[in-house]
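Here is a walk through one protein model, written for someone who would rather look at the fold than at a table. Keep the viewer open as you read.

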Amino acid sequence: MTAALIAILDDEPQIRALLSETLTEAGFRTAAFARATEFEAALARTTPDVCLVDLGLPDRDGLALVHRLALESGAAIIIISGRAQVQDRVTGLELGADDYIIKPFDPAEVVARIRARLRAPKAATQANATARFNGWTAHFDRYLLTTDDGREVSFSHAEGEVLRLFLEAPKRVISRQQMQESLGGGAGESFDRAMDVRISRLRTKLGEDPKSPRLIRTIYGAGYIFLGDVSWS
């Protein structure tokens, strides 16, 4: 089995070297880049399993890059940044990052977070599977929702993970703790806020009334429940 490929984008040589050495010793393949232009050129040829992205880049806005990666790449995205404010973490997660690690970091924690991302959420269905529900079809290989009349709506990698979690467990309450365990990442305010934002965006893309959603219901004090009828292919 081929080892997972981890792409590292950081303009600090010491950080790139530390991460490359640590991840190689942990059994991963690595590709390290100092500039966003080099990183994006490599992504055009090969999609890594996980991208580690610093926000302070010399040639590109880090948050804008994270958002584009979330919509287009299909890779899991972990921000590694010295920006430690809660709002910075929330913004990164809202824009599509799957996790956020603050510098300085323990290399062992980075390995653990990557392994958590690689474990979630591939258990029940394949990455190229499609799911039909209530007039929609979710194409997880293309990060695309389609309707029977041909309308198309894209979703990000992070939004797709939440949607897949709902579609794999329809008509069952999913607690925030279960979401955190399934999707990885740190618990707390930033994770809860990120989940709220992703669910809100999914509701909007599915044409839900925010005051009275039909498909993704909030069960106050318990979590969320997806009420659609789902079939996988």
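## Ground rules

A residue is called buried under 20% relative accessible area, exposed over 50%, and partly exposed in between, using a 1.4 Å probe and protein chains only. Helices (H or I, at least four residues) and strands (E, at least two) are DSSP runs, numbered from the N terminus.

This is a predicted model, where local features need pLDDT of at least 70 and side-chain atom pairs count only at pLDDT 80 or more, while totals for chains, interfaces and linings use all residues. Residues are numbered from 1 along each chain as its sequence is written, and side-chain values use heavy atoms, with hydrogens and water left out.

## The start of the chain

Let's begin with strand β1, residues 5-9. Five of its five residues are buried, so β1 is largely enclosed by the rest of the structure. L5, A7 and L9 point one way from β1, while I6 and I8 point the other way.

What does β1 pair with? Two strands count as paired if DSSP finds at least two bridges between them. Strand β2 (residues 29-33) runs parallel to β1 and is joined to it by five bridges, with A32 as the bridge partner of I8. Strand β3 (residues 50-53) also pairs with β1 in the parallel sense, over four bridges, and here I6 stands opposite V50. Together with helix α1 (residues 13-25), β1 and β2 make a right-handed β-α-β unit. Right-handed means that, with the strands pointing away from the viewer, the path from the first strand over the helix to the second runs clockwise.

## An antiparallel sheet and its helix

Further along, five strands form an open sheet with antiparallel pairing, in the order β9-β8-β7-β6-β12. At the edges sit β9 (152-154) and β12 (230-232), each pairing on one side only. From one strand to the next, the twist averages 20°; axes are lines fitted to C-alpha atoms, for helices over the stretch in contact, and angles run from 0 to 180 degrees between N-to-C directions.

Strand β6 (residues 130-133) and β12 run antiparallel and are joined by three bridges, with F133 opposite V230. Helix α6 (residues 157-168) packs on this sheet and touches β6, β7 (136-139), β8 (144-147) and β12, where contact means heavy atoms within 4.5 Å. The direction of α6 makes about 105° with that of β12.

A pair of aromatic rings is described by the distance of the centres and the angle of the planes. Rings of Phe, Tyr and Trp (its six-membered ring) pair if their centres lie within 6.5 Å; planes under 30 degrees apart count as stacked, over 60 as edge-to-face and the rest as tilted. By this rule the model has seven aromatic pairs. In one of them, the ring centres of F140 and W232 are 5.8 Å apart with planes at 20°, so this pair is stacked. F140 lies in the loop between β7 and β8 and W232 in β12, so the pair ties together parts that are 92 residues apart in sequence. F140 is buried at 6% relative accessible area, whereas W232, at 30%, is partly exposed.

F166 and F226 are stacked too, because their centres are 6.4 Å apart and their planes are at 20°. F166 belongs to helix α6 and F226 to strand β11 (residues 223-226), 60 residues apart. F166 is buried at 1%, and F226 is buried at 0%.

Which peptide bond is cis? The one from K103 to P104, with omega near -5°. P104 is in the loop between β5 (99-102) and α5 (107-119).

Y143 has a positive phi of about 50° although it is not a glycine. Y143 sits in the loop between β7 and β8 and is buried, at 16% relative accessible area. K171, not a glycine either, has a positive phi of about 60°. Its place is the loop between α6 and α7 (176-183), and K171 is partly exposed at 48%.
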